[in-house]
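Thanks for coming. I have two interfaces to go through this morning, and I will start with a question once the structure is up.

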Amino acid sequence: MLLGVSLAVFSMLHLLPVDPVEMLIMDSTTGTAPTSGVTDEMMDNLRRELGLDRPLPVQFASFVGNALRGDLGMSFRNNRPVSEMLAEQLPYTIRLTLAGLGTSVVLGLTLGILAGLRPNSWIDSASMLLATFGVSMPSFWLGLMLIYLFALRLQALPALGVGSPQALLMPAIALGFHGSAIIARLTRSSILEIMGSEYITTARAKGVAESFVVLRHALRNALIPVVTVVGLEFGSLMSGAVITETVFARPGIRRLAVRGILEKDFPLVQGFVLFIAVIYVLSNLIVDLCYAWLDPRIRFE
Amino acid sequence: MTSRRYAPVLLRLVAVVMTLALLAGSGAMVSRAQDEERGGTLTWAFILKPRSLDPNVWTGRSDNDVMRQIFDSLVYSPAPGEYVPWLAESWEISEDGTVYTFTLREDVTFHDGTPLNAEAFKATYDRMLDPETRSLQVGNLGPYESTEVIDEYTFAINLTEPFAPLMANLSSTQLAPGSPAAFEEFGEQYAQSPVGTGPFMFDRWEGNDLYLVKNPDYNWAPEGMDHQGPAYLDEIVIREVAEPATRMVTLQTGEANVTHYPVFEEVASYEEQGFQVYRADTPGFAKSMPINIELAPTDDLLVRQAILHGINRQQVIDLIQAGYANVANGPLTRPSFGYDPAVEEMYPYDPERAAALLEEAGWVDGNGDGIREKDGQNLSVQMIMFDSGPNKAMAELIQAMLTELGFEASLDVTAYDAFASRVTEGTYNLAEMNWTALDPHLVLFNMFHSGEVTGGGQFNRTRIQDPELDELIARGRMATDPAEREEVYAEIQQYVMDNALILPIWDNAWITLTAPNVQGLRFDLEGRPLLYNVWVE
Amino acid sequence: MAAVEQGAAPSIAGVTPGAGRRVDERSLAWMAFRRFLTIRSAATGAAVLLLLVLAAVFAPYLTPFEYDKIAPTAAYEAPSREHLMGTDKFGRDVFTRVLFGGRISLTVGLIATAIGGVVGVLLGMTAGYFGGLVDEATMRVLDMMLAFPGILLAMGIVAMLGPSLRNLMIAVGIGYIAGFARLMRGNVLAARRFDYVLAAEALGGRSWTILRRHILPNIAAPLIVYATLSVAAAILTAAGLSFLGLGAQPPSPEWGIMLSDGRETLNRAWWVSLFPGLAILLTTLSINFVGDGLRVALDPRVRGR
């Protein structure tokens, strides 16, 4: 599958009707060309030095060959190893992803449990309304509004999403609010289902305290679908949250990749996609392991 | 903004700050004790993480703002065409304009301790020429032949033919010397850990933040700086904040005390709140829309002239730049070497004149749909633009203004690559160009030389191919007498505007905002901040 | 699932296949509709959505302004009786632009979902019904699509085809194929085990007939729900891509572009980006309520409530 993903991204990039060398000579701040006269000769030289004059299959083979040895190549524009660039930005991405996921899970479970325990009450309606808001809100817009309100108007939080622990708060909310809706809804329905089932009734009949029942039995079972969502969400947040990173001026591999696409920095984009595919495979694996832990029956399937 | 000629670098300061700057500026009054009190950390909310800090290889408008703090040049240019000693104590240009001999100061060292000598310059320029370096800056050396080391502190640059822009290029960062020891040591990594002779030294990267520290040994500032010795600031932090709105907010929250590429609409209100607003008008090619003379209907001079008369440029500046720029009237901006004020009266905003020109060309709105026609064809023009800074809004506004004139104007705003391929295809009537450059030769060559219609970066977006114009451009490059060059450039400007090859919009102006307590900021000719003189109170 | 950011489809969790019985379709639909109307949030959502659609359709009659006509002297006017939502930097009426923008956003949501839906359903049905090598191959491709970062896929497609509204719809649509296909495959696999399908097969029915007559109607419910939620997610994704400059071209009043253009001047003129943002929120919120309502109304298990 990883090979397939690599081939897909490689073909996509080389199908683009663009010459990466053309992009290479552009000034990214003002969009103009550099102040020196760029000649055809210089562009040919660049093309040769970057290995872009080789036939496509050769380029692909060398990319795969190097990738197997952990070498993702040199970024065209930055003239630095792609793996090094990714590694440098990775901690920021992981931190934001985990913070966003944390927000999703905490908010989602809380809302879901509240709603599930008192179905059809006002708590239920309010929780579900909030959750639906989360899924309907453009996260970049939420981010901008948060900055406007908390950083500029109230001056309660820093505008930049990096540097201190509280700086992570707004980006985490902007990112996590969306996912919390799904988790809340899943938790609610799982709890509803389980609360009605026989073994909870049995537990209650045995006189086990209500809150203990919820925690011990219902939650554990309710967690199974939640784990799936969290796993999927982890993969997609790792690759996806580019606008949140931009709005809050956080470093991250996603922005790196988007810039790579805009600037036709092929090695960077290929390296990123391959990396994300690996993350996707790994997070699926972890989800499976979590299943096994939460529900011992699965082990025997 | 009146239309008088501006000083080369126009600093627009709040009155109070002006007084302070003047006080600080009179060198004699600054005692050593005061120097020691001055210091602080400058945190710069920066538009884009610097991608490379190697001035000999890479340029980027914002990257160069950082390079200027780390690298010194051979000469300093206080005004267009004027040069004073910096790393070079003196120099001599041979009669035929092909040999430039420089004598260096003897007390200069690079940040890594390597002494600055003639060998360092040779190493810098030889490295630029090496294809493996992939330098995009080689063009600055012009018809370069070799660097000849005459003695420890004397060297000569040999050219194959005269190249008038060389001194201007030597005063910019692109030909600034780097430490030969560091080239060896860092190799490909040099661009991330540069070693120059400037007042600030590269310290470290933290995430996307770049840290520079004061060079304690610095004692070779060019004449005309406010002081000698090391810079005042202890540290400079360059933090990438890509989102313009967030960049502005960081000044309010105190997370940064200087920023650039502002949200223009908000600059005035920041000024009222006590933030300082600096504006630097720079030499080079004005922000303009080159007009394709090969594609109908802009192959007709009357139509091009109608466009020039019909666009209210002051209104474009007011709405897009909140008034922070001067109306451009020709290809070169006012502070450029060789700028000819004669172009100023050629195309005043005059919609009636524009309508009359279009009618003269046969374009009338016969069916009353608001769009002019001729021979059953609508008067349609295709605008192309790439999405960067004010470009999109500017193009959208000009599109609306063309519509008012009776054009059917369509606009494609794309990323630069798609824009570049449209330029190659020639499927546009109006494109974009702006270019800050100390010497007018390169920008005029790139924009109007017949050889630039294809190949290279394809910068001749007007697609004019005229041997007469090529000849003028060549003369401007070879002439060693500045007065002769000025004459040639006046002729070129006249030619361009007579033929209405471009729609000039505004003279490039760069806005920098600082917190009220940031003092002493000034800019060089290219509009790059010189942080050497800055301190935080 | 952070659909705004990366073009992912809404979660398929919680969308279950119908129970394994064939019921009279018309009475089922009627019952579902009545049940739908009793859900307060769903009914409200449907009403608001209807209003939004009507407003978009009759936009030219609801405002005296043109959405692309500049009036430089009227730039950045605060909301007033004349300009209900103020004016933008070129003096254009924001209310007018929001109304016309609704046409674009709703169209994009519907067409992108249609693209993803048709291709995804066909793929998923084929994979689920025929199984074996077909299934294996399809799922491999789908896995790859899921592993491929959504926003990069969309950006790549837009970069390849050029930024325009049409290409934006294609890019977003392609991102939804995998979700639809997975949902269909799962449901088809489940439906294949139903007695009547087995019976139809035993009687020698042709595959496509069985798929169309017996399987599709039974799994229509989750599909409708999923498609509804997809429309909302597609609107968000499209707005996000336009926000990045990869969508409609100026002077189009697409909501994402308006939001993106107004974001710089939030401090000076909050109305320029607040109202398109609210418009997106209101639209997706009402579609999501409708979707949730459908989920409940169409799920036979919750009939008792």
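How many residue pairs are in polar contact between chain C and chain A, both at pLDDT 80 or more? Five, where a polar contact is a pair of N or O atoms within 3.5 Å, one able to donate a hydrogen and the other to accept it, and residues adjacent in sequence count only if both atoms are side-chain atoms.

On the side of chain C that touches chain A, α13(C) gives the largest share, twelve residues; helices here are DSSP runs of H or I, at least four residues, numbered from the N terminus.

Before going on, this is a predicted model, with local features needing pLDDT of at least 70, side-chain atom pairs counting only at pLDDT 80 or more, and totals for chains, interfaces and linings using all residues. Residues are numbered from 1 along each chain as written, chains are lettered from A and ligands numbered from 1 in the order written, and side-chain values use heavy atoms, without hydrogens and water.

In contact, meaning heavy atoms within 4.5 Å, are 44 residues of chain C and 53 of chain A. There is one salt bridge between these chains, a Lys or Arg side-chain nitrogen within 4 Å of an Asp or Glu carboxyl oxygen. C:Asp292 forms it with A:Arg185, closest N and O atoms 2.9 Å apart.

Now chain B, divided into domain 1 (46–279 + 511–536) and domain 2 (284–507), with bounds from an automatic or database assignment. Their C-alpha centres lie 32 Å apart. Across that interface there is also one salt bridge. B:Glu161 pairs with B:Arg477 in a salt bridge, at 2.6 Å between the closest N and O atoms.

Note on methods: Helix = DSSP H or I, 4+ residues; strand = E, 2+ residues; numbered from the N terminus.
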